[in-house]
Amino acid sequence: MKQPVRLALLGCGTVGAEVVRLLHEQSADLAARIGAPLEIAGIAVRRLGRDRGDLPVDPTLFTTDALGLIKRDDVDVVVEVVGGIEPARSWLVEALRAGKSVVTANKALLAEDGGALHDAAAEGGGDLYYEASVAGAIPLLRPLRESLHGDRITRVTGIVNGTTNFILSAMHATGAGFAEALEEATELGYAEADPTADVEGFDAAAKAAILASLAFHTRVGAADVHREGITEVTAADVASAKAMGCTIKLLCIAARGTDGQGREAVSVRVHPAMIPLTHPLASVGDAFNAVFVEADAAGQLMFYGRGAGGAPTASAVLGDVVAVSRNRLAGVRAASESAYADLPVRPMGEALTRYHISLDVADRPGVLEAVAGVFARHDVSIATVRQGPAAGTAGAAGEAVLVIVTHVAPDAALAATVRELRGLDIVRSVASVLRVEGGL
Ligand code: NDP
Ligand code: HSE
């Protein structure tokens with residue numbers, strides 16, 4: 001058996017504590033797989049006095065001096081499960097430049113400034129692995145960055161945020177409104193006290209940027225991702241989706257396409273969308289994640305599992321720890337970042353989407369013609385129109401509900417259509433606007 005591989009663990013919260021537990025429980029197997037034992041050199045935390053229960057670790061290993069720990073000569077691998085941009089970025093750049101390997105679950109940092117980490121890894125010669133940063137336990141980034149490297153990925157569509165999937169699944173199952181479903185998610189421990197990052201789509205947007213970077217060999221950052229959350233999704237939207245044989249999911253969509261000049265480009269977006277109940281992602285319930293990958297030769301692939309939680313996320317972290325440790329012992333490093341394609345990222349207005357629009361309108365001759373004329377002026381083709389009585393009027397009050405589903409059109413044209421509809425006298429209100437994905 002060789003000399004131990006020594007780890008600096010930064011963070012010992014939900015994920016870090018499970019990393020410690022698994023390192024302890026599986027130490028013999030991990031050592032056999034790596035060819036050397038793993039040893040924790042130190043654990044950096046914010047509060048030394050915090051009660052950490054029965055964590056199987058020597059309490060003298062805890063420190064609040066993360067940088068001092070990283071710089072120690074006897075540290076080979078730095079595992080970062082703290083989160084946030086700073087000081088995590090400075091710590092990891094320092095570690096990578098010094099030639100240490102880094103394993104991180106920090107999607108926010110990778111999406112904000114992944115380039116700085118990759119550059120530092122290239123400079124220092126160590127590995128940078130981050131499987132846990134997207135979709136928790138699901139092996140997804142390794143397939144994208146290794147297994148599918150002989151193929152051309154055309155589209156990645158995913159449910160990558162467990163909290164919002166729990167909320168939308170509850171709304172679909174019970175007819176509850178957003179606030180009620182969020183309350184349930186909070187009570188059950190799925191949503192955090194401040195759920196902004198999840199419900200406003202920031203968490204999913206960071207993951208979308210990481211997925212797009214790997215799928216399209218292009219540096220994509222959080223700022224390149226069009227982001228909309230689920231706070232505006234109503235019980236009426238969900239009911240309308242159901243009436244059409246659909247459900248609503250918060251999707252991350254990264255797709256190849258062409259820009260206005262016909263050059264290859266990518267678009268990356270996160271927003272709620274209606275998908276048919278027959279779509280593989282429609283059956284992903286509760287707080288689960290799933291990612292649907294389409295590639296030229298491989299065809300369609302689906303990855304499914306637990307996207308969050310201490311143990312599932314620690315599983316992905318440890319997989320990376322084994323990989324980087326084996327590389328160090330063999331004196332090799334994994335393939336470096338692949339960003340050679342450097343494709344431009346298209347603005348959302350150029351993305352091709354479909355809309356489901358619900359309008360409260362006056363029920364009199366010429367209304368349908370006037371509404372259809374707005375769509376025609378913006379070159380948006382209507383796929384289906386359904387008219388019903390306005391809620392609570394039984395059709396007697398001269399009011400009606402029009403539900404229109406469009407064919408595919410540029411998002412900017414659809415947005416302009418909705419703007420003009422809002423200005424029509426005969427349109428009492430635009431009750432809901434939702435994108436439609438996955439064929440209908
Ligand atoms: P927690 O908030 O549970 O834990 C954070 C840890 O970092 C704590 O141990 C805390 O110390 C420590 N810490 C915070 N600030 C500092 C600091 N300045 N110096 C030293 N230590 C510090 O976070 P999670 O475990 O939930 O998440 C960790 C990372 O994993 C994040 O990047 C997150 O996005 C990612 N992730 C989390 C998932 C999950 O399900 N939780 C899923 C996938 C990824 P102390 O214990 O003293 O408070
Ligand atoms: N808050 C995230 C979620 C945790 O709900 O999916 C995993 O990144």
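Select domain 2 and domain 3 together: 11 residues of domain 2 are in contact with 10 residues of domain 3. Contact here means heavy atoms within 4.5 Å. This is a predicted model, in which local features need pLDDT of at least 70 and side-chain atom pairs count only at pLDDT 80 or more, while totals for chains, interfaces and linings use all residues. Residues are numbered from 1 along each chain as its sequence is written, chains are lettered from A and ligands numbered from 1 in written order, and side-chain values use heavy atoms, without hydrogens or water.

**Colour the domains**

**Stop at the interface**

Domain 2 and domain 3 bury about 950 Å² between them, with 60% of it on carbon and sulfur atoms. Buried area is the accessible area (1.4 Å probe) that two parts lose on being put together, summed over both.

Now pick Glu-228 and Arg-435. Their side chains form a salt bridge, 3.0 Å from N to O. The term means a side-chain nitrogen of Lys or Arg within 4 Å of a carboxyl oxygen of Asp or Glu. Across this interface of domain 2 and domain 3, the rule finds 1 salt bridge.

Next, show helix H11 (235–243) and strand E10 (264–276). Each supplies at least two residues of the side of domain 2 that touches domain 3. E10 gives the largest share, 5 residues. Helices (H or I, at least four residues) and strands (E, at least two) are DSSP runs, numbered from the N terminus.

**Move to ligand 2**

Select ligand 2 and the residues around it, including Lys-107, Thr-163, Asp-203, Lys-207 and Ala-308. Near means a heavy atom within 4 Å. Zoom in on Gly-162: a polar backbone atom there is 2.7 Å from an oxygen atom of ligand 2. At Asp-198, a polar side-chain atom lies 2.9 Å from a nitrogen atom of the ligand. Asn-161 has a side-chain N or O atom 3.4 Å from an oxygen atom of ligand 2.

**Finish at ligand 1**

Which residues come nearest to ligand 1? Of the 22 around it, they are Cys-12, Arg-47, Arg-50, Arg-52 and Gly-309. Select Arg-47: a polar side-chain atom lies 2.6 Å from an oxygen atom of ligand 1. Then click Gly-309, where a backbone N or O atom is 2.7 Å from an oxygen atom of ligand 1.

How values were computed. Polar contact = N/O pair within 3.5 Å; in protein donor to acceptor, adjacent residues only side chain to side chain.
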